[in-house]
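I opened a new notebook for a structure I had not looked at before. These are my entries, in the order I looked things up.

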Amino acid sequence: MVRRAVGLVLLVLPVCLGAGTATRPAERDFTFQYGATITGMAPGKVARIWLPEAYTNEDQTVRLVSKPADARETIEPTYGNHLLYVERAAGADGTIAVDCVFHVERREVTGAGPEKPGEAREARRFLGADAKVPVGGKGLALIEGKALPEDPIALGRVLYDAVDDHMQYRKDKPGWGTGDSNWAYDSKFGNCTDFHSLFISLARAEHLPAKFEIGFLLGPPSTTEAKVPGYHCWAKFKPPGKDWMPVDISEANQHPTDRDLDFGTLTSNRVMFTLGRDLVLNPRQAGGPVNFLVYPYVEVDGAVWPQDKIQKRFSYQDDADGSTRNTPRMDMNQ
C-alpha cells in the first residue's frame, strides 16, 4: 500500500478549486451539424447504422433539430446513451448519407459542488475495468513509492499531473487513439483517448470512480462557425461526498499555461455525445462491444464497416446572441 501524505492538501486545493467557482458558469449556445456518408457498398446492399445522439444532462441542454427520416431513437442500456438507428440500402452509387442537427446550450463545468442524490450509487459502476482500461495496469509505475495525499481531490491532482508529465500529445506514429492505458504508458504519447484512459486506470486503482466522456470541441468565441475535424474526449473522477470533478489532460498537455484550468473545470466550448466504454448498442450489434462511440458505427452482413469508408462531416454555428467566456483554443482529435 502506498503511504498517503495529508500535508499535500493545502498545496493542491487552492489550485483545484480556483477556476470558475466564484462566478456563474459560462454558457455557449450553438447548432451542431453531424453527418456522414457510408461509401464503397454494393448498390442495394443494406447497412445497419448507429449514430450517437447528443442529449441533455447536467452539463448541457440539447434539442434534436433534425435526423434521418428513417432513424429510430433508442437508448444504450448500460450508460443510457442516446442513439439513432438506421437500416438502409445503398443507392446506385454505393453510398448512404445520414445527417443530424442539434441545438446545444453548453455550460462550463466545475466539480466544486456537493454530491447530488444518487451519484454515489451511480459512481460504483466506474470502479471496474474496461477492456482497454485495466484497474491500475502498467501505469501504476508512475506513482509507485510516492507519498500520495489522503484528500481525494488532491490525489486526483497528483494522478492528473503524473499522466501529463509522462505523456506527449502526438499522433505521428501508429497506435494512438484506441484508449489503451497500458499502451499509453508504454508509448508515452497519444491523443485524448490515450491520456484519459491512463488517468482512469490510475484513479480506479486508488478507489476513485472515474468515467470517460466523448464529443467534440468548438473553436474560441471569435470563431462563430467552423468545421470540426474530429472528436475530443475528457474524463471525470468522483471524490466521496463531492460532485464529479472533470479533467482534460490532453488539452493541458498542449496548452501548459492552462494546466490548472483543465483540472476541475471544463470550458463550455464543447458538446458531449456519449459516456463509457465497451458499449452494447440498441438494437444489439452483431460484433463485440464498441470501444467507444462518437463516429457512426456501421455493420454490413454482420461485419463492421471500416471507418476509412465512412466520410464524416461535423461543423457548428453559434447562435446570434453568442457565448461568454471560453478558452481561446481549437485543438481537435481525429
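**Aromatic rings**

I started with the rule for ring pairs: rings of Phe, Tyr and Trp (its six-membered ring) pair if their centres lie within 6.5 Å, and planes under 30 degrees apart count as stacked, over 60 as edge-to-face and the rest as tilted. I also noted that this is a predicted model, where local features need pLDDT of at least 70, side-chain atom pairs count only at pLDDT 80 or more, and totals for chains, interfaces and linings use all residues. Residues are numbered from 1 along each chain as its sequence is written, and side-chain values use heavy atoms, with hydrogens and water left out.

Which residues form one aromatic cluster? I found F32, Y34, F102, F212, F216, Y231, F273, F292, Y295 and F314 in it. The structure holds 21 aromatic pairs. I looked up the one between Y231 and F292, which is edge-to-face, with 5.8 Å centre to centre and 65° between the planes. Y231 sits in the loop between β11 (225-227) and β12 (232-237), and F292 in the loop between β15 (270-275) and β16 (297-300), so this pair ties together parts that are 61 residues apart in sequence. For these names I wrote down that helices (H or I, at least four residues) and strands (E, at least two) are DSSP runs, numbered from the N terminus.

Next I checked burial, where buried means under 20% relative accessible area, exposed over 50% and partly exposed in between (1.4 Å probe, protein chains only). Y231 is buried at 4% relative accessible area, and F292 is buried at 15%.

Then I turned to Y295 and F314: their ring centres are 5.7 Å apart and their planes at 10°, so I logged the pair as stacked. This pair links distant parts of the chain, with Y295 in the loop between β15 and β16 and F314 in strand β18 (residues 310-323), 19 residues apart. Both Y295 and F314 are buried.

**Charges over rings**

My rule here was that a charge sits over a ring if NZ of Lys or CZ of Arg is within 6 Å of the ring centre and within 35 degrees of the ring normal. The charged end of R170 sits over the ring of F189, 4.9 Å from its centre. I also found the charged end of K211 over the ring of W244, 4.2 Å from its centre.

Two strands pair if DSSP finds at least two bridges between them. With that in hand I traced an open sheet of four strands in the order β13-β12-β10-β15, with antiparallel pairing. What is left without a neighbour in this sheet? β13 (245-247) and β15 are at the edges and have a single partner strand each, so one side of each lacks a neighbour in the sheet. On average, neighbouring strands of this sheet are turned by 35° against each other, direction ignored. For such angles, axes are lines fitted to C-alpha atoms, for helices over the stretch in contact, and angles run from 0 to 180 degrees between N-to-C directions.

I followed β10 (residues 210-217) along β15 and found antiparallel pairing over five bridges. E213 stands opposite L275 in β15.

**Helices**

Contact here means heavy atoms within 4.5 Å. Helix α5 (residues 192-205) lies across β10, β12 and β13, running at about 10° to β12. α5 also packs with helix α3 (residues 152-166), at an angle of about 140° and with their axes 10 Å apart. I listed who meets whom: G156, L159, Y160, V163 and H166 in α3 meet F195, L198, F199, L202 and A203 in α5.

A cis peptide bond joins N282 and P283, with omega at about 0°, and P283 is placed in the loop between β15 and β16. K188 has a positive phi of about 65° although it is not a glycine. I placed K188 in the loop between α4 (181-187) and β9 (189-190), and it counts as partly exposed at 45% relative accessibility. H207 also has a positive phi of about 65° without being a glycine. H207 lies in the loop between α5 and β10. Is H207 buried or exposed? At 62% relative accessibility, H207 counts as exposed.
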